[in-house]
Amino acid sequence: MRNIKIRYRFDGSMFYGFQRQPGKRTVQGEIEKLLDIVLREKVNMISAGRTDRGVHALEQVSNFLTSSPIPVEKLKHALNKGLPLDIEIFEVEDADIDFNSRFMAKDRAYRYVISWIKNPFESRYVTLVNEKINKNNFVKILEPLVGVNDFNNFRLSDCGSKTSIREIYSITAEEKENKLIINIKGNSFLKSQIRIMMGTALDVYFGNRDENYLKNMLKNPNKDFIKKVADPYGLYLSEVNY
């Protein structure tokens, strides 16, 4: 038995999210469907993250067990030849038999891209706002989220995680052309956590919520708060480290 590790990227625009769903086009579903054909056996992937519908990945990591003797370079070629154009495999390798891409990840990084200039060719890859955002002011709003916190108010009601305690290592921002790029690194994230963080932070920035709103959401994790889920289009899983 072998444990194969793959690294890949995808454009999430036309997928119903990452995780396989009956009758829906998903990233996991497309890859596993092709693996079943190439390896001639049923494959169940384990993955570093599960992205929402419309969310992209610059780097996703998965692994799966197989008894097939196919060389990794041949498998990589077969996958890239058979997969749709919105998925690209850029690394295939044999991993230790106990490697687990989900539970052994040391950290994950996400990128959120905000633009204040309407461009139809970027509409599926950025979140559009009505005016330019000041980088320093926006990062200041996000600063309370850094560290170990109870993020119960930053997940959807159907989140299956047993604990809502998470650690965010860093939040940084850079302005590039007409965009603000937010980089967030942490140990792991709850379902839609980053979209709720970004959506609510934008509400605070534009004066729809009190400046201490995020702090209060963290201090009172069992109290109901109105939360804004940001659009998925500007969100990217950007890095996974082991």
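Reader: Why is Glu177 called exposed?
Author: Glu177 has a relative accessibility of 66%. Since 66% is over 50%, Glu177 counts as exposed. Bear in mind that this is a predicted model: local features need pLDDT of at least 70, side-chain atom pairs count only at pLDDT 80 or more, and totals for chains, interfaces and linings use all residues. Residues are numbered from 1 along each chain as its sequence is written, and side-chain values use heavy atoms, with hydrogens and water left out.

Reader: What makes the phi of Glu177 worth a remark?
Author: Most residues other than glycine have a negative phi. Glu177 isn't a glycine, yet its phi is positive, near 55°. Glu177 is found in the loop between strand E8 (165–176) and strand E9 (179–186). These elements are DSSP runs numbered from the N terminus (H or I of at least four residues for helices, E of at least two for strands).

Reader: How do you know where the active site is?
Author: That comes from a record: the UniProt annotation "active site", in an unreviewed entry, covers Asp52. UniProt positions are given in the numbering used here with feature names shortened, and annotations may be inferred rather than shown by experiment. In the model, Asp52 lies in the loop between strand E2 (46–47) and strand E3 (56–66).

Reader: Is Asp52 buried or exposed, and why?
Author: Buried, because its relative accessible area is 17%.

Reader: Which residues does Asp52 touch?
Author: Not counting residues up to four places away in sequence, Asp52 touches Gly17, Lys191, Ser192 and Arg195. Contact here means heavy atoms within 4.5 Å.

Reader: What makes the link between Asp52 and Ser192 a polar contact?
Author: Their side chains are joined at 2.8 Å. A polar contact needs a pair of N or O atoms within 3.5 Å; within protein, one must be able to donate a hydrogen and the other to accept it, and residues adjacent in sequence count only if both atoms are side-chain atoms.

Reader: Why is the pair Phe151 and Phe154 called edge-to-face?
Author: Rings of Phe, Tyr and Trp (its six-membered ring) pair if their centres lie within 6.5 Å; planes under 30 degrees apart count as stacked, over 60 as edge-to-face and the rest as tilted. For Phe151 and Phe154 the centres are 5.7 Å apart and the planes are at 70°, so the pair is edge-to-face. Phe151 is buried, at 0% relative accessibility, and Phe154 is buried, with a relative accessible area of 0%.

Reader: How many aromatic pairs are there, and which residues do ring pairs link into a cluster?
Author: The structure holds 9 aromatic pairs. The cluster joins Tyr8, Phe10, Phe15 and Phe18.

Reader: How do you know that Lys24 lies over the face of Tyr16?
Author: The distance to the ring centre is 4.5 Å. The rule wants NZ of Lys or CZ of Arg within 6 Å of the ring centre and within 35 degrees of the ring normal, so 4.5 Å meets the distance part. Another such case is Arg209, whose charged end sits over the ring of Tyr213, 5.6 Å from its centre.

Reader: Why is Leu58 partly exposed, and what does it touch?
Author: With a relative accessible area of 34%, Leu58 is partly exposed. Leu58 lies in strand E3. Leaving out residues up to four places away in sequence, its contacts include Tyr8, Phe90, Arg111 and Tyr236.

Reader: What makes Ser47 count as buried?
Author: Its relative accessibility is 12%, so Ser47 counts as buried. Ser47 has its place in strand E2. Beyond four places in sequence, Ser47 is in contact with residues including Tyr8, Phe18 and Gln60.

Note on methods:
Buried < 20%, exposed > 50% of the residue type's maximum accessible area, 1.4 Å probe, protein only.
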